[in-house]
Amino acid sequence: MSRKFFVGGNWKMNGDKKSLGELIETMNAAKVDPNVEVVCGAPSIYLDFARSKLDAKFGVAAQNCYKVAKGAFTGEISPAMIKDCGVHWVILGHSERRHVFGESDELIGQKTAHALESGLGVIACIGEKLDEREGGITDKVVHAQTKVIADNVKDWSKVVLAYEPVWAIGTGKTASPQQAQEVHEKLREWLKVNVSEAVANSVRIIYGGSVTGGTCKELASQKDVDGFLVGGASLKPEFVEIINAKA
């Protein structure tokens, strides 16, 4: 089964209207592979701006949301608000949400359920820390995180799984193509056993962690790597090279 290549750009807490406007102009003018689904994760305050300026062929994602539609939750945004801005995706469970802001697996599961029920697509992030990889428990950690997400998913067509080894995010260290393929392959096997063979074959598992124009082609050639979640490089013109990694 052919899975449509998916490239997400996570802008994190970066940019202003000037710099993001220039980035958007570059992307709109670029020749990009039409067989790739591209989604840009904008800071919540710029969701409207990004959606109004980006060409319709590019999707937009929020970088987080809360687990209910509205209420007394100062500083939070809901899937309903995200959709009201014309945005159709949200990134959930990013390692910075888990490890900087202390979000639990349980909360990420609840957010996933509510976002999907609200009609958003979810880029659900999983990944191990350096001590966990060195301790030989990568699979255990990643499968436990995946289970909490899977328990909250009814329609897998709206979910992209993003494997991001925490030790490779923003560090300049990239998992080797072989390391990435190994984790992705085992994840697909876990889905086959614990969800279904159809879901295992169709769900896109993308890689994140210091993906650059230089590393993207070899990573993209791995059979179970279905795209990327790109951090720093998504703010630079080289993002276009990453989108075109399969071209």
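Helices (H or I, at least four residues) and strands (E, at least two) are DSSP runs, numbered from the N terminus. What you have open is a predicted model, in which local features need pLDDT of at least 70 and side-chain atom pairs count only at pLDDT 80 or more, while totals for chains, interfaces and linings use all residues. Residues are numbered from 1 along each chain as its sequence is written, and side-chain values use heavy atoms, with hydrogens and water left out.

**Stop 1: around Lys-12.** Stay on Lys-12 and look at its backbone: its phi is near 55°, a positive value in a residue other than glycine. Most residues other than glycine have a negative phi. Now show its contacts (heavy atoms within 4.5 Å). Leaving aside neighbours within four places in sequence, Lys-12 touches Gly-41, Pro-43, Gln-63, His-94, Glu-96, Ile-169 and Gly-231.

**Stop 2: a loop with another positive phi.** Jump to Ser-210, in the loop between strand 7 (204-208) and helix 10 (216-220). Ser-210 is not a glycine, yet has a positive phi of about 55°.

Stop 3: Select Phe-228. Which residues does Phe-228 touch, not counting those up to four places away in sequence? They are Phe-5, Phe-6, Val-7, Gly-8, Ile-206, Tyr-207, Val-211, Cys-216, Leu-219, Ala-220, Ile-242 and Ala-245.

A nonpolar core is a set of buried Ala, Val, Leu, Ile, Met, Phe, Trp, Tyr and Cys residues joined through side-chain atoms within 4.5 Å. Buried means under 20% relative accessible area, with exposed over 50% and partly exposed in between (1.4 Å probe, protein chains only). The largest nonpolar core has 66 residues, and Phe-228 is among those with the most contacts inside it, along with Val-7, Met-27, Val-90 and Tyr-207. Helix 8 gives this core its largest share, five residues.

**Stop 4: helix 8.** Colour residues 177-194, which form helix 8.

Stop 5: His-143 is found in helix 7. Is His-143 buried or exposed? It counts as buried because its relative accessibility is 18%.

Now show helix 5 (residues 105-117) beside helix 7 (residues 138-150): their axes come within 8 Å and cross at roughly 35°. Axes are lines fitted to C-alpha atoms, for helices over the stretch in contact, and angles run from 0 to 180 degrees between N-to-C directions. Asp-105, Glu-106, Gly-109 and Thr-112 in helix 5 meet Gln-145, Val-148 and Ile-149 in helix 7.

**Last stop.** Just after helix 5, select Gly-119, which takes a positive phi of about 95°.

Note on methods:
Expected span 1.5 Å × (residues − 1).
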